[in-house]
Amino acid sequence: MGALPVFRWRLAPDGYATRRQLRALGLRPGGQDVAAQLERPRRRRGPLVAYLYRVDLAVPVRPMTPARRAALAAANRARRVCPVCRRDAGYVIPTSLGACVPCADADPHGSEGSTR
């Protein structure tokens, strides 16, 4: 297979879509390879790249089953539980803190800080 066609930002022809655009249409790539790419130039860095898939080859999103819904709920619940105090924080705990805000504020040096 040759090189991918490259289009400038916002100038892709009809029939191509990004993953997010496919998802908004209720579709997914379905195993197809990337068909083209978009490039948005930037001044001092390399261009932003978005991969495009063909809409006509996309397949419908798999339906959410009760088991998948339960697994997703359990995973999201685990992201809300503080590893320090073991309480549900009511929000997803930031990975930068590693604990809920009260626990992170209680240890100003963090878990890797010195004990001096």
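Does aspartate 56 count as buried or exposed, and at what relative accessibility? Aspartate 56 counts as exposed, at 56% relative accessibility. This is a predicted model. The protein chain carries 3 helices and 6 strands. Of its 116 residues, 17% count as buried.

**Overall layout**

- Read from the N terminus, the elements of the protein chain follow the order β-β-α-β-β-β-β-α-α.
- The protein chain exposes about 9,300 Å². Carbon and sulfur atoms supply 53% of that area.
- Take the contacts between residues at least 6 apart in sequence: 48% of them join residues at least 24 apart.

**The sheet**

- An open sheet is formed by 4 strands, in the order β1-β4-β5-β2, with mixed pairing.
- Its edge strands are β1 (6-8) and β2, each of which pairs on one side only.
- Strand β4 (residues 36-40) runs antiparallel to β5, and 5 bridges join the two.
- In β5, valine 49 is the residue that stands opposite glutamate 39.
- Strand β5 (residues 48-54) also pairs with strand β2 (residues 16-17). That pairing is antiparallel and spans 2 bridges.
- Alanine 17 faces β5 as well, standing opposite tyrosine 53.

**The aromatic pair**

- The structure holds 1 aromatic pair.
- Its partners are phenylalanine 7 and tyrosine 16. The ring centres are 5.8 Å apart, and the planes make an angle of 50 degrees.
- Tyrosine 16 is partly exposed, because its relative accessibility is 25% and the buried class ends under 20%.

**Salt bridges**

- How many salt bridges does the structure hold? It holds 2.
- One links aspartate 56 to arginine 54. Their closest N and O atoms are 2.7 Å apart.
- Aspartate 56 counts as exposed because its 56% relative accessibility lies over the 50% cut-off. Arginine 54 has 34%, so it counts as partly exposed.
- Arginine 80 forms a salt bridge with aspartate 88. Here the closest N and O atoms are 3.3 Å apart.
- Arginine 80 is partly exposed at 25% relative accessibility. Aspartate 88 is also partly exposed, with a relative accessible area of 44%.

**Proline 83 and its surroundings**

- Where does proline 83 lie? Proline 83 sits in the loop between α2 (66-80) and α3 (101-106).
- Which residues does proline 83 contact, leaving aside neighbours within four places in sequence? They are Ile93, Gly98 and Ala99.
- Proline 83 and isoleucine 93 are 10 residues apart in sequence. In space, their C-alpha atoms are 9.5 Å apart.
- Proline 83 has a relative accessible area of 45%, so it is partly exposed.

Notes
Residues numbered from 1 in each chain as written. Predicted model: local features only at pLDDT ≥ 70, side-chain atom pairs only at ≥ 80, totals over all residues. Heavy atoms only, no water. Buried < 20%, exposed > 50% of the residue type's maximum accessible area, 1.4 Å probe, protein only. Contact = heavy atoms within 4.5 Å. Pairing = 2+ DSSP bridges. Areas by Shrake-Rupley, 256 points an atom, 1.4 Å probe, with all protein chains shown as cover. Phe/Tyr/Trp six-rings, centres within 6.5 Å; stacked < 30°, edge-to-face > 60°. Salt bridge = Lys/Arg side-chain N within 4 Å of Asp/Glu carboxyl O.
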